[in-house]
Each structure stands twice: as structure tokens, then as C-alpha cells.
Amino acid sequence: MTVDTAGRIDHPNTTFCDLWRLNADFSSSAATITGWVRPSESYAAYIAPSNTGMSVSSGIFTFPITGVYLITVHSQAFLANADQHAGLNLQVSTDTGGSFDIAARTSSAAEASSNSMTGSGLQCLMNVSNTSTTQVKFVTVSFSTGAYIMGDSNETMTSAYFERKGPSQ
């Protein structure tokens, strides 16, 4: 067990989980996905140190405490007639957003020539050793007119889940 300068106690098995969902469809290609919200239904919950949890601004997430995090993303996409592929990348910055690297990617495809819906997911295990400089964002890949990542304010269609597994390495 350690105590940081802010007085937070770090236990090796500290539980942290935080779920975010896309609150509306997102149709911009090669763009940082914005519109993330926490589910607000009466049964929704998250566990975070001091009830702070993840923070998001303009689609860029920051971490409240150092540690090893499992990030899981599930996305649903609507594919229009001419576009039978949609994807997203999880990108990480360790220099306060100065540059981002692709840490994981997922892609959805359909063979039909008509409109279709499809889903995909990704996971990334990452070490967050500095909460001041580490950021993550999700960026869309390869959309054409009419395609979009699905979102809704009343149900989870596309989500980002952050789970702290233990202290940073």
C-alpha cells in the first residue's frame, strides 16, 4: 500500500470501473469521437476513487489515478449502401496530447450491398504512470456518406469501459 501526495491510498487490488457511452450517432470520418456520457439510468453505477472517475473533454479521456487499466470498447455501426466498412482506433498520448499513437483498432464489415448494422470490439491493457500527461481518444476510420457509429442517450450502443487492474508498473 502507498499514499500519494494528494492523500490517495493505492492498494494493489484497488477496484475502479467506469462506463461511458456515445449519446448520439457519430458520422465524421477520421475524427475523434465526441459525445461521450455516463449512463444515467437509475441502475447505472461506476466505482472510482473519491467518485471522480474518468474525465472527458472534446472526446479525449484523462485518468484520475495511476495504474494498469483495461480499456474495452464495443461499437455498433450503420453501413450505408456504398460503404461496407467502418472502424475505430484507440489512440494513446503520453505527452499531454502532443502526439497520439494507435494502441488498438477494430473494424466492422458487411458483404451485403444494402444497408446493414454491424458490431465490433477492442481491448487494450495500458500502463498509466502519469495522469497529467496520459490521454486516450477513439478515432473513426473509413466512413463514406451515410455510415456512422451508433449512439443513443437512452441505451448503450457504443461504449468505452475503463477498469483499473492494479498499480502502475
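Rings of Phe, Tyr and Trp (its six-membered ring) count as an aromatic pair if their centres lie within 6.5 Å; planes under 30 degrees apart are called stacked, over 60 edge-to-face, and the rest tilted. With that in hand, here is what the rings do in this chain: F16, W20, W36, F61, F63, Y69, F138 and F162 come together as one aromatic cluster.

A quick note on the ground rules. This is a predicted model, where local features need pLDDT of at least 70 and side-chain atom pairs count only at pLDDT 80 or more, while totals for chains, interfaces and linings use all residues. Residues are numbered from 1 along each chain as its sequence is written, and side-chain values use heavy atoms, with hydrogens and water left out.

**Overall build**

You're looking at a chain with 13 strands and 0 helices. Both kinds of element are DSSP runs numbered from the N terminus, with helices being H or I over at least four residues and strands being E over at least two. Of the 169 residues, 44% count as buried; that word means under 20% relative accessible area, exposed means over 50%, and partly exposed is in between (1.4 Å probe, protein chains only).

Contact here means heavy atoms within 4.5 Å. Take the contacts between residues at least 6 apart in sequence, and 74% of them join residues at least 24 apart.

**More on the rings**

The chain has 9 aromatic pairs in total. One of them is F78 with Y148, a stacked pair at 5.1 Å centre to centre with 20° between the planes. This pair ties together distant parts of the chain, since F78 sits in strand β7 (residues 67-79) and Y148 in strand β12 (residues 148-149), 70 residues apart.

There's also a charge over a ring, which takes NZ of Lys or CZ of Arg within 6 Å of the ring centre and within 35 degrees of the ring normal. K137 lies over the face of F100, 4.1 Å from the ring centre.

S93 belongs to strand β8 (residues 85-93). Setting aside neighbours within four places in sequence, S93 is in contact with G98, S99, F100, T133, T134 and Q135. The S93 side chain also makes a polar contact with the side chain of D95, at 2.8 Å. A polar contact is a pair of N or O atoms within 3.5 Å; within protein, one must be able to donate a hydrogen and the other to accept it, and residues adjacent in sequence count only if both atoms are side-chain atoms.

T96 lies in the loop between β8 and β9 (101-109), and has a positive phi of about 55° although it is not a glycine. A30, in the loop between β3 (16-22) and β4 (36-37), is another non-glycine with positive phi, near 55°.

**Cysteines and accessibility**

The disulfide count is 0, a disulfide being a pair of cysteine sulfur atoms within 2.5 Å.

| Residue | Relative accessible area | Class |
|---|---|---|
| C17 | 17% | buried |
| C124 | 10% | buried |
| F78 | 18% | buried |
| Y148 | 22% | partly exposed |
| S93 | 0% | buried |
| A30 | 62% | exposed |
| T96 | 47% | partly exposed |
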